[in-house]
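Take a look at the chain below.

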Amino acid sequence: MATNGTSDLKRKQGIVSSLCKHFSLDPKAFSGQVPGNDIKALYINILKSSGKESPQNNDEVMKWIAFADSFPSDSKACHGGLNELNTDLAKKSVLLGNGFTPSEADVIVFSVIHSSMIALSTPEKEKLPHVMRWMDYIQNSEDLGALFEKILLEKPVFEPQIAKAAAKPEVTSIAKGTVQNTKITDKPDTEKNAKKSDSADAKKKAKGDKEAVPEKKAPEKEASDKDKELSVSLLNIQVGLIRKAWKHPSADSLLVEEIDVGEAKVRQVVSGLAKYCSPEDLTNRRVVLITNVKPGKLRDVMSEGLVLCASNEDHTKVEPLLLPEGAKPGECISFSGIDGKPEDVLNPKKKQLEKITPNLFTDEKGVATFKGIPFMTSAGPCTSSIPKASIK
């Protein structure tokens, strides 16, 4: 492994801890084995202790163990390996197979590259979107939060130059007044009074400048508000289970569903899906639901949510987003690197939903995304059978 002794030991300790969590073992039982073994030997010993047989794709596991073993600890030297991993993850959710279940290979590689990813700058992380998405998924799926720090994209604070320029005269004016005051000690009274008058005028001018500055900060507030309104974090997107569905009593194009989102009672939702799905198709189906839209009546029937659907360009094919096996009703959809508290209720006057939905789409593999960042559940990403579709 391309590391020095201390980082080598720390890295292998992280691998042992995460593998033991993956196999439900006590890591203390293997602490004495860390110094004298490489990653492959540690994995084999832990696998043997778990009572599980070698996986059918053992060759693939060994390939990723070799990747981990040769991965450099120097953050400047790791870019090649991270770019290779990013390319490999572009078409899948986990390292092995085409499913959504993490393997020991995912756990080992995650543990090895974690410190390097932490050390990267935000622009460098943004160049590795598939690695960022995968790491967030593995950390949540394997419950590794107690072992590894969460990797986030830190956005720089917007500081408009206009505000800085306005602040400069204030400092100059006050400094000028101070210098004038220090040079009049031995001057006649009349001259002192003249200087004091000049100083007072300078202070008034500085005060006027100071009062004018806040007016020029408006662009910063506007930019901040605009960014906030466009963030998917404003939406409370949850997994729902349709318990019952029926035709709308007065609109042929609408269906009514009772959806379980883990609350005390089911939510009633009206959807424009009658042309594409029958009530029988939707019953007992899991869906992705926005739950903080403002409740309102659609053709006299109350609706308390919005079922997200994928649609092709001419809207001849529309379907609710698909959820992976294991996604539970009520759990919230997350987006790697995007944090924030959703609005209690979206304000229709601000048209927040209308501003966000143009950035919701499926990629070429049918994975549902916000600006290319997958919709993630604890069991994997949300998908659709319609690639490159709009979502709304």
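How many bridges join strand β1 to strand β4? There are five, and the two strands run antiparallel. This is a predicted model. Within that pairing, glycine 240 stands opposite valine 287 of β4. Strand β1 also pairs with β2 in the antiparallel sense. In β2, glutamate 258 is the bridge partner of lysine 244.

| Pair | Residues | Bridges |
|---|---|---|
| β1 and β4 | 237–247 and 286–290 | five |
| β1 and β2 | 237–247 and 255–260 | six |

Next, the nonpolar cores. The largest has 45 residues. Leu85, Ile113, Met117 and Trp134 have the most contacts inside it. The elements giving two or more residues to this core are α1, α2, α3, α4, α5 and α7. Helix α5 supplies the largest share, eight residues. Aspartate 363 lies in the loop between β10 (360–362) and β11 (368–370). Is aspartate 363 buried or exposed? Aspartate 363 is buried, yet has no salt bridge. The nearest side chain of opposite charge, arginine 133, is 6.9 Å away. Polar atoms of the aspartate 363 side chain do lie 2.8 Å from the backbone nitrogen of lysine 365 and 2.9 Å from that of valine 367. Leaving aside neighbours within four places in sequence, aspartate 363 is in contact with Thr369, Pro387 and Lys388.

How values were computed:
Residues numbered from 1 in each chain as written. Predicted model: local features only at pLDDT ≥ 70, side-chain atom pairs only at ≥ 80, totals over all residues. Heavy atoms only, no water. Helix = DSSP H or I, 4+ residues; strand = E, 2+ residues; numbered from the N terminus. Buried < 20%, exposed > 50% of the residue type's maximum accessible area, 1.4 Å probe, protein only. Lys, Arg positive; Asp, Glu negative; His and termini not counted. Salt bridge = Lys/Arg side-chain N within 4 Å of Asp/Glu carboxyl O. Polar contact = N/O pair within 3.5 Å; in protein donor to acceptor, adjacent residues only side chain to side chain. Contact = heavy atoms within 4.5 Å. Pairing = 2+ DSSP bridges. Core = buried A, V, L, I, M, F, W, Y, C linked by side-chain atoms within 4.5 Å.
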